Each structure stands twice: as structure tokens, then as C-alpha cells.
Amino acid sequence: MATEHLLEIKNLWVKYGPVEAVKGTDFWIDRGEIVSLLGSNGAGKSSTLRAISALVKSEGKIVFNGRDISEYPAYKIPFLGLSMCPEGRGIFSDLTVEENLALGAYTVRRNRKKIRENFEKVYSLFENLADKKSQLAGTLSGGEQQMLSIGRALMSEPKLLMLDEPSLGLSPKLVDMIFNILKEINRNGTTIFLVEQNAAMALALSHRLYVMQTGKIITFGTPKEIDLNTLKKKYFGGV
Amino acid sequence: MLFQQVIAGLITGSLYALVALGLVMAYKVTEVMNFAYGYMAMISAYIFYSLFVVFGLNYASSFALAVLVGVGMGYVVERGLLRPVRYISPTSMVIITLGVLLVLQGLALQIWGNEYQHVPNALNGKPLIFRTFGGIVVIPQQSLLIVGIVFATVIFLFLYLKFTYQGMAFRATSQNEEAAKLMGINTNLNMSLSWMISGALGAAAAILAAPQTFVYPDMMLNLQIMGFTAAVLGGFDSIPGAIIGGVTLGVVDNLVGAYLSNNLRATFSLAIIVAILLVRPEGIFGRPKSRRV
């Protein structure tokens, strides 16, 4: 049991009508890792993440922490210790910062002590949020909304934190800050699965990377094994 | 005279607010305009009439059972008819509610006929009479009951939505269903719940209105139009908006009836809808919806 992967994906398919977004993908994530899934627009990265969270229908096998969750409805998955920060942050704009964070702890809502502790942890990680507890989330800046999205996902103490394009629309300084915080979250024991287009940042942060193109994993390895320039030329059109 | 009309308007308006609140509760979470709302409520009023008048059950038990029927109808319509097409065709959901309206109207005609059935007031005691600067104000006990029930309902809903985890989950579902699922919230359950609460509010409104409107298949038609107007006035996704919209409309409606013409009351309400939709489509308290382009 100790050697089994935290997340294992086998022959995953996601289809939107006649369009095949993910075509028989296999990969795994081990405990304590930071793993990135890279690829250009339309490669199938977000669909993969959404399939794992059961936000879209998929075929194939998804095993999380030794349990087959392929048939689980989306709302049951966070109870197993799998949290996701969706693309576009998915914050509740008309709710306050504190209410957003409280909802992040929905799976542990009966444990008041744990919720209090997690509030403190999140506020120490994101000091900006601590000053804006009563502010409506929709009035926060883009960077603060991203912090809120990550903080909210941490409120349930997940085993695996999945993030969909956390750097999207943020200034380089804020991206640096967010990625440093992700490192700290990982040091504290949370496994991280990151979907990114910012290849340089993902290479700098990750223990391992998968590269996806037109719905398939085409290469994977450690940052040392994957050369950034080759990656850009081959898979990102030389950007 | 004016003060009496304002008080009467507040009482009528509280009933409009209750109807509007029910429409908004269902719309907020499922984004479906329920055209069958008044007819679902009418069935509850008939159940109440049958239990209280025909079978002689006491008022409270009859009220509770009829409201439970409203809750059940809300659940059946959402779970059985709307959810299967929810992600396929939003337009179909509106058409389904129109279908439900016709079915319930026909059902009521078949079971109870089209005669007006009288339901007595719950409270028939001495009215509250007080003298004020504009003259004498008379408030019947039944009106006090209506205001009391509406007030208690609003307070309960406010506390539930604002201070409980379930209420917060309910608000989260109404704002971003997908993100709510990622929090572990059973959004389908919340959708059913919103229609169940809506059914209960409609049922309560119909039962409270029944002594004045009588019970017949189209008894809720006017109230539904007024509730709809109140919701548009306040903002269709705003709970405080529905309440304030209802009360405001009630006062305006009474003043138009008293000082202009009774025949102009409905016309005036429709004119308000058109005017608001032209000037502020999202209503007074509603928020404009932004869409990614």
C-alpha cells in the first residue's frame, strides 16, 4: 500500500459531443510531489483536471488514495481530500472573503476547532486576506482572488491540491509570490498538481512534468530531463 | 384615509412579498422562471380548503399539511421534470413550467370544479383600531396574522441564509454551481431545496390570501402577476429586493386603487414592469450579470 500512487489515471477519455478533448491519457502523481501538466491551448489539460474532479463526464479509471473515484459525483470528491482551484478562480463574488474560506471548509464543517486552525493557517499564508475578511470577494484584485481561491482550497486540508492555470492574468511579481506560496504549501505536506501554460515557472517549481498535446501525454520526466527550449520549440510553437 | 391606505397597502404588499420571495428563491438557484408557481400554490389552497372546511381539521394542522403538499410539489417539479433537461435546454424548463400550469389548472377543475369556495379567516376577533393624524386606522386580525407570518418567514430565511453552513452553501450554489461542487456542496440537493422552499412560500401565500380571493383554479393569477412584478421591481435575484419590491408594490397598488381607479391597478403594475425593464433591467436591488466574451 505504501508504494501506491496518490493519484493514478488510466486510459482517461473526455469527449464533448463529437470532439475528443482527452484521448486515453495515463499518468500518476505520488505523495509529496509537485507535478505539472503542460501544454498549449486546447491540449486537454483543463479537461483532464475537470474530469478528475468529476465536473465533466469521462471514461477510464481514476484512482485517488487507493479508491476508484471514476463514478463519484463531483460533490463527494472533496470529502476524500482532493481540492481544486478552477480556472478563473471560481470564487463566490457576492460572499465575503471569510464566507468563501468557510465554504472551503465545508467538508470538515462539523469540526469547529479544525476550521479555526485552518483559518489561522490560511491568514498567515495570505496576509492580504486577513485584512479583508469582511470584504466581498468580487471586489478583490485578481491576485487576491487567486490567493482566496488557493486559501479556500486549503481550508479542507487536502491531500492533493489541483490548480488550473494559477498564473493566468497575474503580473510576474504576483506569479512569483503565488509559486513561492505553492512551494511552502508543498513543504507542509500537500501534494500539488498544477496545470500551466507558463512552462518556465512550472519547470522551476515541479518535481515532475507531463506534457500534453491534442489530448495525449506526449512526454514526461523531471525538469532536468526536459529541456525548456526543446519544449517550447516542439510543443508551444517556439513561443 | 391616506394612512389607512398605506397600512392596507403594507398588508397586501407583504402577501406580494411572500409570493415574490418564493419566485426568487427558485429562480436564484435554478434560474428558472416558474410560471406554474401560482397554480402549484392554488393546489395547496384546495388541500387546505378540503382539510379545514370539508373535513373539519384544525387550522394549524390543515395549514401545515397544505404547506407540506406545496413542498412536495416543488420537489417533484424540480427533481422529476426540470432536472432531466437542466443541462440540455434551459428554454425547455420554462416551457415545462407552463405545461405544469395547464395540468394543475385542469386537475383542479376535474377534482374541485370551478365554483368559488369560501375559506374563513383564521382569526376573526376584534380588529385593531387606532386613531392617527389622518383619521382612524382599522387592521383586521387576519391581516395581522398575514404580516406576522410574512415577517417571521423573512426573519427565518435571513438567519438561515446568512448564519448557517447550509444557507451559505445555498447562496454559493446560486452564485457558482461548479465552484460549489468543488467545495463538496450537493448542488442538486440545494436546487431541490430551493423549489421546496418556494413551494412552501407559495402555499402559505395562497392559504393566507384564500379568505379574500376565495379558492378557485385561477385564484392565484393576480397574486402571481403582482409577485412577479414585485420580483422584477426588486431584482429577480435579490431576496431583500423581493421583499421591498412586494411591499412597495402593495402600497402603490392600494393608492392607485383608492385615488385613481380600481380598474387601473393591474395596468399600473404592468406599466411598472415595462418601465423598470427599460430603465434598469436587473431591478432596483439586482446585479447586472457579467458574461465572459
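Predicted model: local features only at pLDDT ≥ 70, side-chain atom pairs only at ≥ 80, totals over all residues.
Q: How do you know that chain A and chain B touch, and how many residues are in contact?
A: Contact takes heavy atoms within 4.5 Å. On that rule, 26 residues of chain A are in contact with 19 residues of chain B. Putting the two together buries about 2,200 Å², and carbon and sulfur atoms give 61% of that area. On the chain A side, A:Tyr75, A:Phe92 and A:Tyr106 lose the most area to chain B, together 29% of what that side buries.

Q: What makes the pair A:Arg50 and B:Glu178 a salt bridge?
A: The cut-off is a Lys or Arg side-chain nitrogen within 4 Å of an Asp or Glu carboxyl oxygen. For A:Arg50 and B:Glu178 the N to O distance is 2.7 Å, so the pair qualifies. Across the interface of chain A and chain B the rule finds three salt bridges, and there are also eight residue pairs in polar contact. Helix H2 (residues 97-104) of chain A brings four residues to the side that touches chain B, the largest share. By class, that side of chain A has 16 nonpolar, five polar and five charged residues.

Q: Why does A:Glu99 count as buried, and what does B:Lys162 count as?
A: Buried means under 20% relative accessible area, and exposed means over 50%. A:Glu99 has 10%, so it counts as buried. B:Lys162 has 33%, which falls in between, so it counts as partly exposed.

Q: Why is helix H6 (residues 165-175) of chain B called largely enclosed?
A: Nine of its eleven residues are buried, so the rest of the structure largely encloses H6 of chain B. Among those buried residues are B:Tyr165, B:Met168, B:Phe170 and B:Arg171. What do the buried residues of H6 of chain B pack against? The list takes in H2 and H3 of chain A, together with H1, H5, H7 and H8 of chain B.

Q: How are B:Glu177 and B:Lys181 placed in helix H7 of chain B?
A: They are four residues apart in that helix, so about one helical turn separates them. An α-helix has 3.6 residues a turn, so residues three or four places apart point the same way. The closest N and O atoms of B:Glu177 and B:Lys181 are 3.7 Å apart, so this salt bridge also falls within 4 Å. B:Glu177 has 15% relative accessibility and counts as buried, whereas B:Lys181 has 22% and is partly exposed.

Q: How do you know whether the radius of gyration of chain A agrees or disagrees with a compact globule?
A: For 239 residues, a compact globule would have a radius of gyration near 18 Å; chain A has 17 Å, so the two agree. The C-alpha trace of chain A spans about 45 × 40 × 40 Å along its principal axes, and 53% of the residues of chain A count as buried.

Methods. Residues numbered from 1 in each chain as written. Chains lettered and ligands numbered in written order. Heavy atoms only, no water. Buried area = accessible area lost by both parts, 1.4 Å probe. Polar contact = N/O pair within 3.5 Å; in protein donor to acceptor, adjacent residues only side chain to side chain. Helix = DSSP H or I, 4+ residues; strand = E, 2+ residues; numbered from the N terminus. Nonpolar A, V, L, I, M, F, W, Y, C, P; charged D, E, K, R; others polar. Rg over C-alpha atoms; globule rule 2.2 N^0.38 Å. Buried < 20%, exposed > 50% of the residue type's maximum accessible area, 1.4 Å probe, protein only.
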